[in-house]
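Hi,

Here is the structure I promised to pass on. Have a look, and my notes on the helix packing follow below.

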Amino acid sequence: MASLNIFSSSLAVALLPSPSLFPSNHKPRAARYTPHSASKTSLRLANGHRRGNSELRWKPSSTSPTATLQVVALVNPKSLKVMISGAPASGKGTQCELIKEKYGLVHISAGDLLREEIAAGTENGRQAKEFMEKGMLVPNEIVVTMVKERLLQPDAEKHGWLLDGYPRSLSQAMALENLSIQPDIFIVLDVSDEILVERVVGRRLDPVTGRIYHLKYSPPENEEVATRLTQRFDDTEEKVKLRLQTHYQNVESVLSIYEAVTFKVNGNAPKEDVFAQIDKALSSVIDKATEIDSSSAAGMAQ
């Protein structure tokens, strides 16, 4: 049974100067708070995550020369921070596309970042390439740096982000925690091993177009395409079972970090039904954040 734990928030209100202290011809400056300032107003969920914010504005009264305090809610549904995890062939790529399309989140994949940095010849990319050319794994600190820098770019901060398949290990999750990078929700696509193996073993690649087919679920449109399809060397039952074993070992440790915001989805269902579950969960996160922000704003206005 999927469960989503969203907690209440505690609100600390900063004391502001009384409007009556200002001269009648003085125009007070707008007072703002951000979730990163301990001395200003902030909303924090019980699991340590901050969510939503408001703006405090001084507004001249129509009946009095003195100013009055007005609270304006600034919850932005597009600022969602989402992590999604799933075993090979769990349908993660499909769901990421659907989430991105509806919620406008910035889709971030650690693998794509790695390839982009190497192609661009950045310092991170240069270091990563040196390890890869030696047949070694790229150290966590290099990948985490890439992920952090991407998450802090303006588009991700404005629209929110969808971190695809990362973190994959406890050390990666802890590294993000130490950087105060935390998701509002951690989605796990839960698919049975039998279905995962069937999906992987039946996959085929068209070397001409780069399109991925499946012999059962998405067969080639004609015989000409069918004859040139190839199978990846690791898309065999034996190898996929080994990959699944590694995945399960890693994901359990990652879940221990994000237990409070984990939402497990029945990934055995058709993709439309899977997305319906995810959509409902994301809407719940937004609604809860909006509710918290609205009630807190109302409390400050009193």
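This is a predicted model: local features need pLDDT of at least 70, side-chain atom pairs count only at pLDDT 80 or more; totals for chains, interfaces and linings use all residues.

Is the crossing of helix 3 and helix 4 left-handed or right-handed? The crossing is left-handed, as the near helix is turned anticlockwise from the far one by less than a right angle (clockwise would be right-handed).

Residues are numbered from 1 along each chain as its sequence is written, and side-chain values use heavy atoms, leaving out hydrogens and water.

Back to that pair: the axes of helix 3 (residues 123-133) and helix 4 (residues 140-151) come within 10 Å and cross at roughly 150°. That makes helix 3 roughly antiparallel to helix 4 (the cut-off is over 145 degrees). Contact here means heavy atoms within 4.5 Å; helix 3 brings Asn124, Gly125, Gln127, Ala128 and Phe131, and helix 4 brings Ile142, Thr145, Met146 and Glu149.

Helix 4 also meets helix 2 (residues 110-120), with axes within 10 Å and a crossing of roughly 95°. Those two are therefore roughly perpendicular (65 to 115 degrees). Ala110, Leu113, Leu114 and Glu117 of helix 2 touch Val143, Met146, Val147 and Arg150 of helix 4.

Ala110 is worth a click: it counts as buried at 13% relative accessibility (under 20% with a 1.4 Å probe, protein chains only). Leaving aside residues up to four places away in sequence, Ala110 touches Val143, Val147, Asp164 and Tyr166.

Cheers

Conventions:
Axes are lines fitted to C-alpha atoms, for helices over the stretch in contact, and angles run from 0 to 180 degrees between N-to-C directions. Helices (H or I, at least four residues) and strands (E, at least two) are DSSP runs, numbered from the N terminus. Angles under 35 degrees count as roughly parallel, over 145 as roughly antiparallel, 65 to 115 as roughly perpendicular and the rest as oblique. Buried means under 20% relative accessible area, exposed over 50%, partly exposed in between (1.4 Å probe, protein chains only).
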